[in-house]
Amino acid sequence: MPSSRRPTYASTGRRPAGGKPADRTAGSGTASGDADSGSDVISASRPVAEQVPQPPKEARKARFPGRTRDKSAGSSAVAEGQAGNVLAFPEPKGKRRRRNVLVVAATLVALVAGLLAAAVFSPVLAVDTISVSGTRLLTPAQVQAALEPLRGKPLPQITDEEVGRLLEPLVQVKSVSAEARPPSGLAVTVRERVPVALVKQGEQYQLVDVEGIQLAATADPASVSLPVIDGGAGTIGKELFRATAEVLGALPADVLARLSNASAQSVDAVELKLVDGQTIIWGNAGEKELKAKVLAALLKVPADPKNPVKVYDVSVPRHPVTR
């Protein structure tokens with residue numbers, strides 16, 4: 001602690017005439033003016049603080065027991081005080097909102113996954129009944145028999161591709177679609193191939209589509225309103241048969257029902273015969289949609305008894321000819 005005693009200043013007066021300047025004691029802090037100026041000399045001194053003997057450490061502890069403390073305990077107290085004074089700032093709202101959204105999304109995903117797994121593998125949704133529609137050449141019982149392996153299988157596991165594979169042995173089926181009818185129903189819609197002609201084979205007549213696939217057979221051609229292809233695929237050749245079948249496949253159902261037979265000398269010379277005896281010169285299979293429309297329009301023209309039409313030539317559909 002600094003001393004409260006003020007320094008003392010002593011004036012020595014003027015230097016005696018002819019005398020020596022006042023002695024400057026080392027460390028006394030004296031200051032003197034110029035010898036010739038004749039100014040007073042002022043000195044300042046600071047007394048040295050008296051050294052007070054300190055009692056031993058043990059004596060201090062005995063004398064002031066409440067004022068002594070362990071340094072390590074003090075450090076711990078300071079650390080605890082600092083830890084207690086740390087401010088806890090609130091979490092930003094945006095970060096908290098994003099975390100909540102992620103938690104909710106994860107919960108929903110887990111819930112949906114669990115529901116999907118339960119639906120896919122649940123025996124409650126197993127197929128028990130199969131309904132069939134769209135059949136004409138086939139019977140619903142034939143289709144149901146082919147789909148028998150699907151019984152007992154959960155509805156979510158059944159696809160159109162699987163149903164189509166099971167129905168591949170039935171050549172009459174061109175495409176198929178399946179629809180689940182929970183809890184245990186399966187509705188199957190069949191699209192069959194369309195027969196366009198009859199081909200005679202022995203005593204039977206085969207119903208064929210445009211690709212020549214045999215769809216059914218009959219012994220009475222009059223019971224089916226389809227033309228007969230002369231010679232069939234085995235006699236006239238595959239290319240001629242396909243050209244004739246494509247022409248028949250392009251005709252409307254009402255026109256097709258009026259045909260009696262079809263023949264082809266070449267792929268560019270397809271001819272059709274009506275049940276009334278008229279001949280239709282078709283030509284090749286090109287522009288078959290336009291030719292079919294022109295022929296349908298010509299057949300709707302009222303017949304003239306004085307000038308009956310015997311030939312309809314639509315080989316050039318933009319310039320048809322009747323004679």
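Modeller: Helices (H or I, at least four residues) and strands (E, at least two) are DSSP runs, numbered from the N terminus. Read that way, this chain has nine helices and 15 strands. The model is predicted: local features need pLDDT of at least 70, side-chain atom pairs count only at pLDDT 80 or more, and totals for chains, interfaces and linings use all residues. Residues are numbered from 1 along each chain as its sequence is written, and side-chain values use heavy atoms, leaving out hydrogens and water.

Biologist: Which residues is Gln278 in contact with, leaving aside its neighbours within four places in sequence?

Modeller: Contact means heavy atoms within 4.5 Å. With those neighbours set aside, Gln278 touches Leu272, Lys273, Val309, Lys310 and Tyr312. For the chain, take contacts between residues at least 6 apart in sequence: 47% of them join residues at least 24 apart.

Biologist: Now a sheet, please. In what order do the three strands of the open sheet run?

Modeller: Strands of a sheet pair through backbone hydrogen bonds, either parallel or antiparallel. Two strands pair if DSSP finds at least two bridges between them. Here the order is β4-β6-β5, with mixed pairing. At the edges are β4 (129–133) and β5 (173–181), each pairing on one side only.

Biologist: How many bridges link β5 and β6, and in which sense do they pair?

Modeller: They pair in the antiparallel sense over eight bridges, and a hairpin of three residues joins β5 to β6. You can follow the pairing residue by residue: Val173 has Glu192 of β6 as its bridge partner, while Ser177 stands opposite Thr189 in β6.

Biologist: And pockets? What is the volume of the largest pocket?

Modeller: On a 1 Å grid over the protein atoms alone, a pocket is an open set of points with protein on both sides within 12 Å along at least five of seven lines, and lining residues have an atom within 4 Å of a point. Grid points are joined across faces, edges and corners, and the volume is the space filled by probe spheres (1.4 Å) set on the points. For the largest pocket this is about 590 Å³. Of its 25 lining residues, Arg136, Arg193, Val194, Pro195 and Val196 are the closest to the centre. β6 (185–192), α7 (238–250) and α8 (253–256) each supply at least two residues of the lining.
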